[in-house]
Structures are given as C-alpha cells and as structure tokens.
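Please look through the structure shown below. The paragraphs after it go from the overall fold to a few single residues.

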Amino acid sequence: GSSLVICRILRFIVSLLLIVHRNPNRLQNQVVMTGKAKPKKHTAKEIAAKVDAATTNRGGGKAGVADRTGQEKGGHAKYECPHCKITAPDVKTMQIHHDAKHPKIPFDESKINNLHALLAPVADTSKPRPGVRGSLKK
C-alpha cells in the first residue's frame, strides 16, 4: 500500500528532474511568466446598450413632465395601471400589460386612471399628436 504510493511519488520527481534537465528554462518560465495585462474589449452588445441608454428618451426632465401631463404632442403616459402605477398610451396597451403582469386580477377598464384628465384638463388640440404624419409648416 504505502510502498506503491512512495514509488509513484519517486517516478513523478524523476520525471520532473528529466524535464528540467532537458530544458532548464521551461520550469523557470512557468513560474516567472504570468499572463500579459490585456485591456478588456467591450462587446457589441455592451456598446449597443450604452448607445441606447444615451440616446433614448426615458421621460425625465422638463420634456418628461410635458409628456406625462399631455401638454406636448398628446403625451404617451395617458393611462395609469391602478395596481402598479405603470403608464401606457392607450387602453389596448394597458390591457396587454394587465394580462401579462396581473393575470389573477380581472381587467376592468373603468378602474384605469386617465392621467391627462387629472393633470391637464385643458389641453391645446392644435399641437401635433404622436403618430400623426404631416408637415409642421403651414
């Protein structure tokens, strides 16, 4: 039992000595040389996410307030979910959200909050609405 283990250890040591004897720098290179410090390259997915975060309007600031209240171009945040307070531009989108996020609660259109009626009851209807094509020059 123990003599077999000692025999294997001696064979391993002899094989290491033969490797060092044939090429003395091999063992030294393995110990001294570590990996080169390469700069991390950014992936295309990461770069695309950064571009999207920098260029997409997230609804903050003065433009976001105007969009939420419906003062400019009709706004996109017209309806509010009564359960989680997320906003949607129309009833159809709110129903899709409700079916996906609140499947156990029955959908009731009368419970949806119309933020434009609450926040800005008087709105200028002459401003162009989103999704309506046409020239702004008259």
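Which pattern does the chain follow when read along the sequence? The pattern is α-α-α-α-β-β-α-β-α, made of 6 helices and 3 strands. Helices (H or I, at least four residues) and strands (E, at least two) are DSSP runs, numbered from the N terminus. This is a predicted model, in which local features need pLDDT of at least 70, side-chain atom pairs count only at pLDDT 80 or more, and totals for chains, interfaces and linings use all residues. Residues are numbered from 1 along each chain as its sequence is written, and side-chain values use heavy atoms, with hydrogens and water left out.

Of the 138 residues in the chain, 14% are buried. Here buried means under 20% relative accessible area, exposed means over 50%, and partly exposed lies in between (1.4 Å probe, protein chains only).

Side chains of opposite charge can pair when their charged atoms come close. The structure holds 1 salt bridge, a term for a side-chain nitrogen of Lys or Arg within 4 Å of a carboxyl oxygen of Asp or Glu. Its partners are K50 and E46, at 3.9 Å from N to O. Both residues belong to helix α3 (residues 44–55) and stand 4 residues apart, about one turn of the helix. E46 is partly exposed, at 29% relative accessibility.

The next stop is a loop. K85 lies between β1 (79–80) and β2 (87–88). K85 is not a glycine, yet its phi is positive, at about 65°. With a relative accessible area of 48%, K85 is partly exposed.

Cysteines come last. A disulfide is a covalent bond between the sulfur atoms of two cysteines. Here a disulfide is counted when a pair of cysteine sulfur atoms lies within 2.5 Å, and the count comes to 0. C81 is in no disulfide, and its nearest cysteine sulfur is that of C84, 3.8 Å away.
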